[in-house]
Amino acid sequence: MLVTTKELLIKARAGGYAVGAFNTSDLEITKAIIEAATICKSPVIIQTSEKAIDFAGLPYIAAIMKEAAMSAEVPVAIHLDHGKSLERATQCLEAGYSSVMIDASKLDFEENIKLTQSVVKLAAKYHASVEAEIGVISGQEDYVKALSSKLTDPDEAVV
């Protein structure tokens, strides 16, 4: 059953458990994620990076994930991981994602907030969840690369 990440996390917090989030780029990985979640009777987040979307093609990977989520015996959220733009978030929401992450951590704080607010406003039209990145952890994952860390200031996160 397709749900939002927010729905999953509200129940997880109340129940005192974690929800795994796993990246996919094809049918086989997606099926394995759903099979494992079903065996464990665990809700799950299936997510794609921008690189995986570029590899698989958004229409293909979105169709695979939506079908997997809607036919699953456990709650499943479909999530964009580390989206870089309003345009990419729009594409994913239009394709049926139930959750998007906007990673505007390379922008200054004020611009990050503006972009995040735009994504939140857009996602509300789709009844989708939004995750945002304020701080940065050094390293590289797909197209995301940071040479140094700037941890999130909790006072800024409240904004």
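**Basis.** I worked from a predicted model, in which local features need pLDDT of at least 70, side-chain atom pairs count only at pLDDT 80 or more, and totals for chains, interfaces and linings use all residues. Residues are numbered from 1 along each chain as its sequence is written, and side-chain values use heavy atoms, with hydrogens and water left out. I took helices (H or I, at least four residues) and strands (E, at least two) as DSSP runs, numbered from the N terminus.

**Sheet order.** I traced an open sheet of five strands with parallel pairing, in the order E1-E2-E3-E4-E5. E1 and strand E5 (129–133) stand at the edges with a single partner strand each, so one side of each lacks a neighbour in the sheet. From one strand to the next, the twist averages 25 degrees; axes here are lines fitted to C-alpha atoms, for helices over the stretch in contact, with angles from 0 to 180 degrees between N-to-C directions. I counted two strands as paired if DSSP finds at least two bridges between them.

**Strand E2.** I noted that five of the five residues of E2 (residues 44–48) are buried, meaning under 20% relative accessible area, against over 50% for exposed and in between for partly exposed (1.4 Å probe, protein chains only). Val44, Ile46 and Thr48 point one way from the strand, Ile45 and Gln47 the other way. Strand E1 (residues 20–23) runs parallel to E2 and is joined to it by four bridges; Ala21 has Ile45 as its bridge partner in E2. Between E1 and E2 the chain passes through helix H2 (residues 27–39) in a right-handed β-α-β crossover. Right-handed means that, with the strands pointing away from the viewer, the path from the first strand over the helix to the second runs clockwise.

**Strand E3.** Five bridges join E2 to the parallel strand E3 (residues 76–83), and I found Thr48 opposite Leu80. Why is E3 largely enclosed by the rest of the structure? Eight of its eight residues are buried, so the strand is largely enclosed. On the E4 side, E3 pairs in the parallel sense over three bridges, and Leu80 stands opposite Val100 in E4.

I recorded five bridges in the parallel pairing of E4 (residues 99–103) with E5, where Asp103 stands opposite Glu133. Helix H5 (residues 86–94) lies across E3 and E4, at about 170 degrees to E4, with contact meaning heavy atoms within 4.5 Å. E3, H5 and E4 form a right-handed β-α-β unit. Helix H6 (residues 109–125) lies across E4 and E5, at about 170 degrees to E5.
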